[in-house]
Every structure is written in C-alpha cells, then in structure tokens.
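Here are my notes for your first look at this model. Keep the sequence and the 3D view open as you read.

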Amino acid sequence: MSICIRRVITGELSSPVSRHVPATKLQSRSSVHHVNFNHRPAIISRSITTRFYVIEAAEFAGVFRRGGGGSGNEKWRRLCAVGDQVVEINDSRKSSDRTAEIMVAATATVVLGVGNRVLYKLALVPLKNYPFFLAQLATFGYVLVYFTILYLRYHAGKVTDEMLSLPKTPFVVVGLLEALAAASGMAAGAILSGATIPILSQSFLVWQLLLSFIFLGRRYSLNQLFGCFLVAVGVIITVASGSSAGSLMEAGIFWSLLMIVSFLFQAADTVLKEVIFLDAAKRLKGGTVDLFVVNSYGSAYQAVFICLLLPFLSKLWGVPFTQLPNYLRDGAACFLNIGTLSGGCDGAPLLPLLFIIVNMGFNISLLHLLQISSAVVSCLASTVSVPISVFLFTLPLPYLGVASSLPPGFIAGAIILVLGMLIYTWRPSSRLNNQEIDNCHC
C-alpha cells in the first residue's frame, strides 16, 4: 500500500520533483487499472502521451503523468502507484454524490425555512400578546433539547471525547454574536416597517461574501458575485414592490443602520461556525465535529448572554423588567391554553409547538448545509425561502383570516432570483493550470 502527500506542481513536472524528492521512471508498459476510490484522488495528471514517474520519500510514494503534447485535447487522469503497477483512480462518483448531498440539504433547508416563516406567523396568532415569551421559550428550550440529543449521541458513539474537548472560546463568541444580533434586530425591528426589513436583510448576503473573503480566504468568480447580486435584487423586488418607497427614509437612518449591523452579527456568527468546522477537521485529523456539539454549546452561551441582556430586551418588547415574571407566567398560561388568562389563545399549544419543532429543524438543517458546503450557500438557501413564504401568505391559511395580496413585482422578482441562483451555480469549463498531488491512501 502506498500513501501520497499533497504537492502542488506548476509548469514542467520534472524540475519541481527533483527539488523535493528523487524521481524514478517507470516502464511505460506498466498496467493501468480503473478503480472507484471513495477517498480524495491520489494525483491529478494530464496527457495522452505516457510518461510515468514515481515519487519516493521515506514511506510515501505516488505517481503522476506528464503530458507530451500541447494540444487542447489532453486528458486529465488520476493515478496512484500500487507496488509495481499504476492504478488510475475514478472519483467522479464521489463528486456527484457530494453534489447530490448538497442539493438535498439545500432543498431541505429551503422547505424548512418556508415552514419556519409561515409557522412563526401562525404561532403569533394565539401568542399575539406574548411574542417575547415565545422568543425566550425557543432560546432556553433549545438548550435543553440540544444537550439531550448531544447526551444520547455521545452514548451512542456518534460524539467522541475529542469533539467535546474542542476549545470553547469560539462557542462563547458564537453565543455573544447571536445575542447581539437578537438585541439589535429587536431594537431596530420595533421601529422599522415590515417592508423595510426584507430589503435591509439582503445586507446579510453582502456581509457573508465579505467576511468569507477576509477570514476564510474565499475567492469568488464574477458569475458568483453577479448571481448573489441578482438573488438580493430579486428578493427586494418580490417582497417590497408593493410597499411605500419612502419607508426607509421615514424610519430614520440610525434604525436602518442598526438593522444592517444586526445582520453583520448574524453573518459573523455563520462564518465563525464554518471556521469552527474547518478547525475541528484539523484537530480531529480529518474527522468532522458533530453538529450538535456546535449547536449545543452555541445555544448555551447564547442563553447566558440573553440572560444578561434581559432588562434591555424586555424593555424593547414593552415589558418593564419588574413585571417580567408576571408576563412570563401569563405567557405560559396562554401557551398551555389553560386557566382564566387563556382567552384569545385559540390554536395553542399546537401552533407554537409546531413552530418550535420546525424552527429547530431549520436551524439543524442550516448548520448541516453550512458544514458540507459554505456560509454563502447556506445563506442563499435561506434567502430563497423568503419569496416562497410571501406566496404562501396569499393562500387562505387557517387562523390568519383574509389572505394577503401578491405584490405587483412578485413574478418579475422571482424570475430574477431564479436567474441569480442559476448564474451563481454555473461553472465555466476551464483547464486546470496546476497539477496537484493529494493526500490519499492507495
């Protein structure tokens, strides 16, 4: 069995190899076998003309193939040395499986995102006087549920001691960012109109691109940037086309900037979680941290910071801090739909519970998509759910009374959004300029 190490080689291959390790030429008659390999490919190699080299360094060995012609019809093939034979590795199945996994996760995220938005509005029908209670029930209830799931997965062997021993400082920062995003978003949302918030929420995608560029070193092609731009424009046209054009100016620049800052906190939180996954892969030597480790500790620290901000947050919701215990008690009675205070709480506890369950599923799905793809992809999946939710609110849903009308620019905005998604996912065919030897086990 041979093991290859990663080496990026540009230009002529013989020169870089001679600088790093000695190269030994193989006979061109060496047999080539086609195999499917579920790990990363051994070598990226090019050419129709056959010329093999063996790279030897201690127990490491690998093979690459150098092109003999400069025509544009060169074939890229992945090879690995196994004893005295050359094995060609076909990892196209792995690539297609990976793409399919991301597509399924993105679709699930969109569906749950739509359900999350619709059920939140339905949950506020019985709890229309207790929205702050619903927010705190979700925040602190998730801590209990996530740690229960984490406990069960630990005893089932899905979560290891190495995962639990990861540094906790990033999780503290995650909790702080989520608490600050909630506080600033609540403060600005109390002043801004409903049509203004979807427009300003598109800054979330801009922050994602910028922070991924700065902290993750991501480089985006022009079609990806243009696609993200079209997605944001499509959402704005879809949601806000029927609103007053002067709503942003009427609210004041300060509250608009505060809402944009709240989306900055959310974007930083998402990018930091991606950093946590990448760092965990290094610490776990190629393994992946269970997403319930991230969810559990992040939610726990968020709850801690929410407790510290409760006096400020309760005031934003119009509940004096001294009256908060009575407010929470009345909210619990309405949620359970019991007692004399439950008048007007029809639909509870079913609708609030449905929202909490779907919201939890949405958060888990969003984090899973982030784990297997990137922060920007998870953001796009979440963004797509906005116009679909707007359309569903035009249907005669129970408990909501008269359905809302479809915004005038809905069709045009939806077309622009879909076009933006297609442009973002389009990958132009181009030849690779670099040759790379990857970590692999042959």
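Does Arg329 count as buried or exposed?

1. Arg329 counts as exposed, because its relative accessibility is 52% and the cut-off for exposed is over 50%. Keep in mind that this is a predicted model.

2. Arg329 has a charged partner. It forms a salt bridge with Asp330, and the closest N and O atoms are 3.4 Å apart. Asp330 counts as buried, at 17% relative accessibility. The cut-off for buried is under 20%.

3. Next, look at a linked group of charges. Salt bridges that share partners join Glu178, Asp269 and Lys273 into one network. The whole structure has 6 salt bridges.

4. Lys273 pairs with Glu178, with 3.0 Å between the closest N and O atoms. Lys273 is in helix H10 (residues 253-283) and Glu178 is in helix H5 (residues 169-189), so this pair ties together parts that are 95 residues apart in sequence. The other link joins Asp269 to Lys273, at 3.7 Å from N to O. Both of these residues lie in helix H10, 4 residues apart, which is about one turn of the helix. An α-helix has 3.6 residues a turn, so residues three or four places apart point the same way.

5. Lys273 is buried, with a relative accessible area of 12%. Glu178 is buried too, at 15%. Asp269 is buried, at 8%.

6. Now move to helix H15, residues 375-392. Its 18 residues should span 26 Å at 1.5 Å a residue. The end C-alpha atoms are 27 Å apart, which agrees. Of the 18 residues, 14 are buried, so H15 is largely enclosed by the rest of the structure.

7. Ser385 sits in helix H15. Ser385 is buried, with a relative accessible area of 1%. A polar atom of its side chain lies 2.5 Å from the backbone oxygen of Ser382. Leaving out residues up to four places away in sequence, Ser385 touches Val110, Gly113, Val114 and Arg117.

8. Finish at the surface. Which residues form a nonpolar patch there? They are Phe391, Leu395, Leu406, Ile411 and Ile415, with about 450 Å² of accessible area together. Leu395 lies in the loop between H15 and helix H16 (410-425). At 35% relative accessibility, Leu395 counts as partly exposed.

Note on methods
Residues numbered from 1 in each chain as written. Predicted model: local features only at pLDDT ≥ 70, side-chain atom pairs only at ≥ 80, totals over all residues. Heavy atoms only, no water. Helix = DSSP H or I, 4+ residues; strand = E, 2+ residues; numbered from the N terminus. Expected span 1.5 Å × (residues − 1). Buried < 20%, exposed > 50% of the residue type's maximum accessible area, 1.4 Å probe, protein only. Patch = residues over 30% accessible without salt bridge, like charges linked within 9 Å, V, L, I, M, F, W, Y side chains within 5 Å. Areas by Shrake-Rupley, 256 points an atom, 1.4 Å probe, with all protein chains shown as cover. Salt bridge = Lys/Arg side-chain N within 4 Å of Asp/Glu carboxyl O. Polar contact = N/O pair within 3.5 Å; in protein donor to acceptor, adjacent residues only side chain to side chain. Contact = heavy atoms within 4.5 Å.
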